[in-house]
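Subject: Structure for your files

Hello,

Here is the structure we talked about, followed by notes on what was found in it. Please read the notes with the model open.

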Amino acid sequence: MRGDFDGLGRFADPSLLILTSLSDGPKHGYAIMTDVVAFSGVRMEPGTLYGALSRLERRGWVRPLATAERRRPYEITAAGQQILAEQVTTMQQIVQVARLRTAMAWGA
Amino acid sequence: MMWPGPAGRLSRALVGCHPRRWRERYGEEMLDVLDQHHPTARTVASLAASALSTHVDPAYRTEVLSLSRLRRAAVMSAAIAAGIVLAFGLLGLAAWHDRWHLSGAGGVGGVAFAPGQHLLVSAVGGASQDSMDTMWDITDPARPRQLSAFQGGEPTALSPDGRIVATVSNDGQPVLWNVADPGRPARIAIMSAGGTAPLWGEAFSPDGQILAVAYTDQIFLWDVASAARPGCWVPWPPR
């Protein structure tokens, strides 16, 4: 199955960052924000985070867990892991082509 | 929890502007995130965009909005829009003001380049107290950047190496300014042993060693190889 990631339009980048963040275990909203800053340098704001989370949840790529006080952790689903793997493969292909072409262009 | 600032209060209010079903699902979580986050203008903008997009989202838009909530959302959106327009307006005004804003009174009477440099000096006014020279960085000619302004006036000249400006004192005599650091000009010398007629022109020689100073009746050549101690040759025509 080729996941319909393109359907997320401009939300694709936050979605990818959130799926990557959840790939090593469940996290609540603020933990996702701090993790994303740590591994990508992208400062995601709460409006962007929850907009993307609600879309990912509706597509069945993340699932909410039981709330602890006011914090609700999210975990990535099997479908979410599959779509993340597809995206990573595509990105690796892009990186490989970009490296090859820039090396040719710069004569490296 | 620290007492939220204006951005924090606005952010929390914007959480309340989301559709009811959305608030019931995510509202408490978002408020918890805001308690830990340091809200900024970006936070406010992202929440405003989120509130608007969820109201047109098919999953939430079936909700009938109450008139009071619609009014509240409209007022909030108008306030944010007005703030953004005002901020951009002020930024634009500041940029316009900075661009070619000339210090001093009156019109520009002289400009001079340093060859091969991105420096320009302009002069406003003549030999008077409120006449000024202005140094410009014109690396990007579309966005000239004012570096400094100092007492001077027309005529003015910039040495070929861009390190010395010759201008005029308020009593009509040539003055040298060190502009090696164009952001902090420093006066080097006043050549008070010059002519007595009105001064109307100054020019550096191509090697920067000589400054020609023209009065209405005589031309003086100054040795400015040592700018701190300029020496004057016999003026032409002699009297």
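**Helix pair in chain B**

In chain B, residues B:Gly8, B:Ser11, B:Arg12 and B:Val15 of α1(B) meet B:Gly27, B:Met30, B:Leu31 and B:Leu34 of α2(B); contact here requires C-beta atoms, placed from the backbone, within 7 Å. By class, this contact has 4 nonpolar, 3 polar and 1 charged residues. Ala, Val, Leu, Ile, Met, Phe, Trp, Tyr, Cys and Pro count as nonpolar, Asp, Glu, Lys and Arg as charged, and the others, Gly among them, as polar.

The model is predicted: local features need pLDDT of at least 70 and side-chain atom pairs count only at pLDDT 80 or more, while totals for chains, interfaces and linings use all residues. Residues are numbered from 1 along each chain as its sequence is written, and chains are lettered from A and ligands numbered from 1 in the order in which they are written. Helices (H or I, at least four residues) and strands (E, at least two) are DSSP runs, numbered from the N terminus.

The axes of helix α1 (residues 6–15) and helix α2 (residues 20–36) of chain B come within 10 Å and cross at roughly 170 degrees. The axes are lines fitted to C-alpha atoms, for helices over the stretch in contact, and angles run from 0 to 180 degrees between N-to-C directions. That crossing makes α1(B) roughly antiparallel to α2(B); the label applies to angles over 145 degrees.

**Contact between the chains**

On the chain B side 17 residues are in contact with 13 residues of chain A. Helices α2 and α3 of chain B each supply at least two residues of that side, and α2(B) gives the largest share, 8 residues. By class, the chain B side has 7 nonpolar, 6 polar and 4 charged residues.

**Cores**

The largest nonpolar core has 32 residues, and those with the most contacts inside it are A:Ile18, A:Leu49, A:Leu53, A:Val62 and B:Leu14. A nonpolar core is a set of buried Ala, Val, Leu, Ile, Met, Phe, Trp, Tyr and Cys residues joined through C-beta atoms within 7 Å. Buried means 20 or more other C-beta atoms within 10 Å of the residue's own, with C-beta atoms placed from the backbone. Among the elements that give two or more residues to this core are α1 (12–22) and α4 (78–105) of chain A and α3 (41–56) of chain B. A second, separate core of 28 residues includes B:Met135, B:Ala166, B:Val175 and B:Phe204.

A:Ile18 touches A:Ile32, A:Ala52, A:Leu53 and A:Leu56, not counting residues up to four places away in sequence. A:Leu56 lies in helix α3 (residues 46–58) of chain A and is buried, with 24 other C-beta atoms within 10 Å. The C-alpha atoms of A:Leu56 and A:Ile18 are separated by 9.0 Å, and the two are 38 residues apart along the chain.

**Strands of chain B**

In strand β2 (residues 119–124) of chain B, 6 of its 6 residues are buried. B:Leu119, B:Val121 and B:Ala123 cover one side, and B:Leu120, B:Ser122 and B:Val124 the other. Antiparallel to β2(B) runs strand β3 (residues 132–137), joined to β2(B) by 6 bridges; pairing takes at least two DSSP bridges. B:Leu119 stands opposite B:Asp137 in β3(B).

Further along chain B, 4 strands form an open antiparallel sheet in the order β9-β10-β11-β12. β9 (199–204) and β12 (231–232) stand at the edges with a single partner strand each, so one side of each is left without a neighbour in the sheet.

Regards

Conventions
Buried ≥ 20, exposed ≤ 12 C-beta atoms within 10 Å, placed from the backbone. Parallel < 35°, antiparallel > 145°, perpendicular 65-115°, else oblique. Contact = placed C-beta atoms within 7 Å.
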